[in-house]
Amino acid sequence: MRTESPGPQHEWLDGDAGPVVRPYTLTGGRVRSAVDGFDLVAFVLAEPGADLAAHPELQPEHRRLVELAGRPVPVAELAADLDLAVGVVRVLLGDLLARGMVAVHQPPRTTYLPDNDILKAVVSGLRAL
């Protein structure tokens, strides 16, 4: 027998949905990380001395990120594993990075860009096909 939860009922929400938490509550209303944005393919790795017990203020999502980052894992995969928006994960990772609990390894930036003449030649060649 299922009991109904107190409070207003919504037709789009049933008893099996569980608690619904909006993304802005996870980030405290923040939409940007304290640290510059993380690339989707940047690898996150928990610091060896990351002590979750020393930070009781951390949310369960913060703790789960540290656990998942026990091995190098991309930001996009963390978002998928937690079923959270990438923007939310970036904000949470910024919190962890500021506390020294994770390290983020950005992919190397490409310094070589093809010359415009080469790109125009490729486009012309494709059009000729």
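**A nonpolar patch and its setting**

Guide: This is a predicted model. Start with the fold. Along the sequence, the pattern runs α-β-α-β-α-α-β-α. That gives five helices and three strands.

Now the part itself. V122 sits in helix α5, which covers residues 116-128. Is V122 buried or exposed, or partly exposed? Its relative accessibility is 45%, so V122 counts as partly exposed.

Together with Y112, I118, L126 and L129, V122 forms a nonpolar patch on the surface. The accessible area of these residues together is about 610 Å². Of the patch members, I118 and V122 and L126 carry numbers within the 116-128 span of helix α5.

For scale, take the whole chain. Its accessible surface comes to about 9,200 Å². Carbon and sulfur atoms account for 57% of that surface. The chain has 129 residues, and 26% of them count as buried.

For contrast, look at H55. H55 lies in the loop between β1 (43-46) and α2 (60-68). At 19% relative accessibility, H55 counts as buried, because the cut-off is under 20%. Leaving out residues up to four places away in sequence, H55 touches R63, R99 and M101.

Definitions and conventions
Residues numbered from 1 in each chain as written. Predicted model: local features only at pLDDT ≥ 70, side-chain atom pairs only at ≥ 80, totals over all residues. Heavy atoms only, no water. Patch = residues over 30% accessible without salt bridge, like charges linked within 9 Å, V, L, I, M, F, W, Y side chains within 5 Å. Areas by Shrake-Rupley, 256 points an atom, 1.4 Å probe, with all protein chains shown as cover. Salt bridge = Lys/Arg side-chain N within 4 Å of Asp/Glu carboxyl O. Helix = DSSP H or I, 4+ residues; strand = E, 2+ residues; numbered from the N terminus. Buried < 20%, exposed > 50% of the residue type's maximum accessible area, 1.4 Å probe, protein only. Contact = heavy atoms within 4.5 Å.
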